[in-house]
Amino acid sequence: MTETLCFRNIGELIQADATSQPDVRVRTNCALLVTGGRVDKILRESEVKPANRYTRVIDVKGRAVVPGFVDCHTHLVYGGERKDEMVDRVSGVSYLEILNKGGGIHDTVKATRQATEATLYDQAKRRMKRMMALGTTAFEIKSGYGLDLETETKMLKVGKRLRQALKVPVTLTYLGAHAIPRPMKRTQYVEFVLENLPKFRGLADGVDIFCEKNVFTVADLRLVFLQAKLLGFDLRAHVEELSHQGGSYEAARLGALSCDHLEYATPKDIQAMHAAGTVAVLMPGVTLFLGGTKQPLVHSMLDAGVTLALATDCNPGSCPTYNMQTVIYLAANMYRITPGQALAAATYGAAKALGHHREYGGLLPGQRADFNILKTGDHRDLVYYFGENFIDQTFVAGRRVKGGKDPAGF
Ligand SMILES: [Zn+2]
């Protein structure tokens, strides 16, 4: 018989979907039934049947239950670290200056090419476990530190193995167009990426490109996306991060699932994203870490009805964090959005950026039972008390992966 778990005495149950946008829905004094790893029903507390009608009853004791966080933009498979560069940066050297001098991504590319698949796998697995201990239950992982066929494939294979080993949803993205490998010319490398795109079918779900001054142009984005679309890949793009190039407008018109970063996106770009249903993936941790001051037009995005998503951008150069709770905190306080808007962006919005919002991210009946029980009964604590890990227990497909001191002894 399929087992049914009953989580009762929930102080706040948070759900998010298209109808709650751009906020979450807060239900109080309720119970959550999980059957076969999926959300079965949400009951009023008074509707809970005697304990022997369920396989297990877990008393949540008035705490909040929120959907598992979806980290929809990460570079978590990489070799080496970049702490020396961080020291340069705090003395005033910019990210692009470091990159143009052959450092930055190029250092990570060197270390990633040198690392064996086993080493990359072990390191990335440790990172993902730490992310899960902080409440993340679904991931996106990009390649992009190989810039050659062998290493890009190695990175994506690591991602595939992590998906199987940790039994969490992992979306894989081929980011061949992340930087231009030395000594190649831009146009020559774009040709290389285009030629090799078919080899990533079956390994990557999507294709991404870093469209930026002195990196890849909007015309490159168009070439890569047209080809990727023909091959059936989802499209996502790093756009308008350090300057305005117009990549978000073009990406949206080509049907990109998400445009990511967007610090320099204009109202025209935002309108194009709204028209195409493209999700805006915001990563305030990058702004914090790189010491930037430019912020995206988040309120224009909300007014236009663009779905917001949040992600860590976990990577060794511009945002070495594993923590979606930090990102939620930063988003609310830097962008001046409400706790509910930040939480919706970290769950439903991020799942939509990956094209999986029907499968997870909302804690709706029928969806995967991926959720966190917080240490508090008030989800607003996530954006109020900062620096604390609020995760008490985490469940992935109804299976507990963290915590577990409930009185049922489960
Ligand atoms: Zn990125």
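A residue counts as buried when its relative accessible area is under 20%, as exposed when that area is over 50%, and as partly exposed in between, with a 1.4 Å probe and protein chains only.

The structure is a predicted model, in which local features need pLDDT of at least 70 and side-chain atom pairs count only at pLDDT 80 or more, while totals for chains, interfaces and linings use all residues. Residues are numbered from 1 along each chain as its sequence is written, and side-chain values use heavy atoms, with hydrogens and water left out.

## Salt bridges

A salt bridge is a side-chain nitrogen of Lys or Arg within 4 Å of a carboxyl oxygen of Asp or Glu, and a search of the whole structure finds 17 of them. The table gives three of these pairs.

| Pair | N to O distance | Relative accessible area |
|---|---|---|
| E45 and R8 | 2.5 Å | E45 16%, R8 26% |
| E117 and R161 | 3.0 Å | E117 26%, R161 33% |

Some places in the chain are named by helices (H or I, at least four residues) and strands (E, at least two), which are DSSP runs numbered from the N terminus. The salt bridge between E45 and R8 links distant parts of the chain, since E45 is in the loop between β3 (38-44) and β4 (56-59) and R8 is in strand β1 (residues 4-15), 37 residues apart. E45 counts as buried because its relative accessibility is 16%, whereas R8, at 26%, is partly exposed.

E117 is partly exposed at 26% relative accessibility, and R161 is partly exposed at 33%. Beyond these pairs, E140, K142, D208 and R236 are linked in a network of salt bridges.

## Helix packing

Helix axes are lines fitted to C-alpha atoms over the stretch in contact, and the angles run from 0 to 180 degrees between N-to-C directions. The axes of helix α12 (residues 324-335) and helix α13 (residues 339-353) come within 9 Å and cross at roughly 140 degrees. This makes α12 oblique to α13, because angles under 35 degrees count as roughly parallel, over 145 as roughly antiparallel, 65 to 115 as roughly perpendicular and the rest as oblique. Contact means heavy atoms within 4.5 Å, and here M324, I328 and A332 of α12 meet A342, L343 and A346 of α13. Sorted by class, this contact has 6 nonpolar residues, with no polar and no charged ones; Ala, Val, Leu, Ile, Met, Phe, Trp, Tyr, Cys and Pro count as nonpolar, Asp, Glu, Lys and Arg as charged, and the others, Gly among them, as polar.

Helix α6 (residues 186-196) and α7 pack at an angle of about 10 degrees, with their axes 10 Å apart, and that makes α6 roughly parallel to α7. This contact is made by R186, V190, V193 and L194 of α6 together with D220, L223, V224 and Q227 of α7. It has 5 nonpolar, 1 polar and 2 charged residues.

## A buried phenylalanine

F233 is found in the loop between α7 (218-230) and β10 (234-239), and it counts as buried because its relative accessibility is 6%. Leaving aside neighbours within four places in sequence, F233 is in contact with L197, F200, R201, A204, D205, G206, V207 and A228.

## Backbone details

The peptide bond from Q21 to P22 is cis, with omega near 0 degrees, and P22 lies in the loop between β1 and β2 (25-35). A cis peptide bond also runs from R182 to P183, with omega near 5 degrees, and P183 is in the loop between β8 (170-177) and α6.

E240 has a positive phi, near 50 degrees, in a residue other than glycine. E240 sits in the loop between β10 and α8 (247-253) and is buried, with a relative accessible area of 1%. H261 likewise is a residue other than glycine with a positive phi, near 95 degrees; H261 belongs to strand β11 (residues 258-261) and counts as buried at 2% relative accessibility.
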